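Q: Could you take a close look at one strand in this model and walk me through its surroundings? I would like to see how it sits in the whole chain.

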Amino acid sequence: MAKTCIFCGEKPSNKTKEHVIPQWLIELTGNPNREAFLGFIKHHEDGFKDRKYAFDQFTFPACDTCNNKYAELEGNVKPILLKVLNEEPVLTENISTLLDWLDKVRIGLWLGMNQLDKNYANVDPNYHINTRIGQYDRMLIVEKSNSTNSKLNLGGIDTLSFALTPSVFVLIVNNIYITNISFMFLLSRRLGFPYPTNMHLEPDHERVRCTFVKGRERIMSPLLRKPLKEKGTFIFQPMFRGGLIEGLDDDYKTEYVKKHSLDFEQGIGNIFQSNENNLTEYTKGETINLTPHHTHNDRELFVKSAIHVCEWQNWLTQFIPNTDKLTPIQKKFIKSRFSTGVKVNNLLIKHHKSLL
Ligand SMILES: [Zn+2]
């Protein structure tokens, strides 16, 4: 894979280095020169080997202008994350910014890991950070442990599933575990927004096509048809900016969508928080405390989080667009890649369960 700019995917102009994990976060959580465990080296001659990497060396090429463009987001998110760590309430707009930043980190990790792994999953990264921030429905799960140590850890980024579709990862900052999930139209139907049917892949280009259906204009509970095993704070945000939506203004220009938007013009939905079976909606200017009620034992949460991230990655494969229109060879290729991703995750789940 060519060394392209992590933000725009082009050959970097005035090359700079972008820290996938920002320096302020590395400094906040310990010695910046410390070594981190970043999964396994996949192409090592002696088989799988631990990959040790100093966090502050985990950088990737970027254009000077691209890098500067995102410096503002980094600057904005630091005080927000500090509030979350200090268990202080944050504004709904701040949660949206935090989710934008998590999109940036998640896609950066995906591109970065693919470069480190010499693209072993054989994916064509047809999108970069620029085209993926704030595009698709997204979620946060915040959990808390009893740890008093400083630490920074990443979960779920070394799986084949993540290499194929970077939809779920976990960021562990000190005693706070943040699971970030993003997938196109994950929430739209059950939130009453317009939603796609018959999503399918096209044989000639890596594009997704679909037909849109008018929203049902009511919220269905629960929002996701998946048992939520985490004990923590659940946050959901619908987004309607993605490429598939272009030209569908009429479907979205409804009072219902407006009423449930933080910023309708920008395609940013309100923030929803679920607690047991109750869903609370928050809009502009309101504050939310993300601090979970439950405190986990740190070692137990570390293992459980490794299980849950694989379970989320597996669960999301059901939403992968339909392959009916592809050629038999293309179909087989996609099916085998995703089913291998699920199998690898099942092995990881089994291994981690044995540690509990
Ligand atoms: Zn660039």
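A: Happy to. Helices (H or I, at least four residues) and strands (E, at least two) are DSSP runs, numbered from the N terminus. Please keep in mind that this is a predicted model, in which local features need pLDDT of at least 70, side-chain atom pairs count only at pLDDT 80 or more, and totals for chains, interfaces and linings use all residues. Residues are numbered from 1 along each chain as its sequence is written.

The strand to look at is β12, residues 233-237. On one side, β12 pairs with strand β6 (residues 138-145) in the antiparallel sense, over 5 bridges. In this pairing Leu 140 stands opposite Ile 235 of β12. Strand β15 (residues 271-275) also runs antiparallel to β12, and 3 bridges join them. Here Ile 235 stands opposite Gln 273 in β15.

Now for burial. A residue is buried if 20 or more other C-beta atoms lie within 10 Å of its own, exposed if 12 or fewer, and partly exposed in between, with C-beta atoms placed from the backbone. By that count 5 of the 5 residues of β12 are buried, so the strand is largely enclosed by the rest of the structure. In a regular strand the side chains alternate between the two faces of the sheet. Both faces of β12 are covered: Phe 234 and Phe 236 are buried on one side, and Thr 233, Ile 235 and Gln 237 are buried on the other.

The loop that lies between β11 (208-213) and β12 holds Pro 222. The peptide bond from Ser 221 to Pro 222 is cis, with omega near -5°. Most residues other than glycine have a negative phi, and most peptide bonds are trans. Two residues depart from the phi part of that rule. Glu 87 has a positive phi near 65° and is found in the loop between α2 (64-85) and β5 (90-91). Because 12 other C-beta atoms lie within 10 Å, Glu 87 is exposed. Asn 174, in the loop between β8 (168-173) and β9 (176-182), has a positive phi of about 55°. With 18 C-beta neighbours inside 10 Å, Asn 174 counts as partly exposed.

How does the strand's setting compare with the interior of the chain? A nonpolar core is a set of buried Ala, Val, Leu, Ile, Met, Phe, Trp, Tyr and Cys residues joined through C-beta atoms within 7 Å. The largest such core has 70 residues, of which Phe 7, Leu 109, Phe 169 and Val 170 touch the most other members. Helix α3 (residues 92-116) gives the most to this core, with 11 residues. Two residues are in contact if their C-beta atoms, placed from the backbone, lie within 7 Å. Not counting residues up to four places away in sequence, Val 170 touches residues including Leu 154, Tyr 177, Ile 178 and Val 309.

Finally, the whole chain. The protein chain has 8 helices and 18 strands, and buried residues make up 34% of its 356 residues. Of the contacts with a separation of 6 or more, 73% join residues 24 or more positions apart. The C-alpha trace spans about 55 × 50 × 50 Å along its principal axes.

Note on methods
Pairing = 2+ DSSP bridges.
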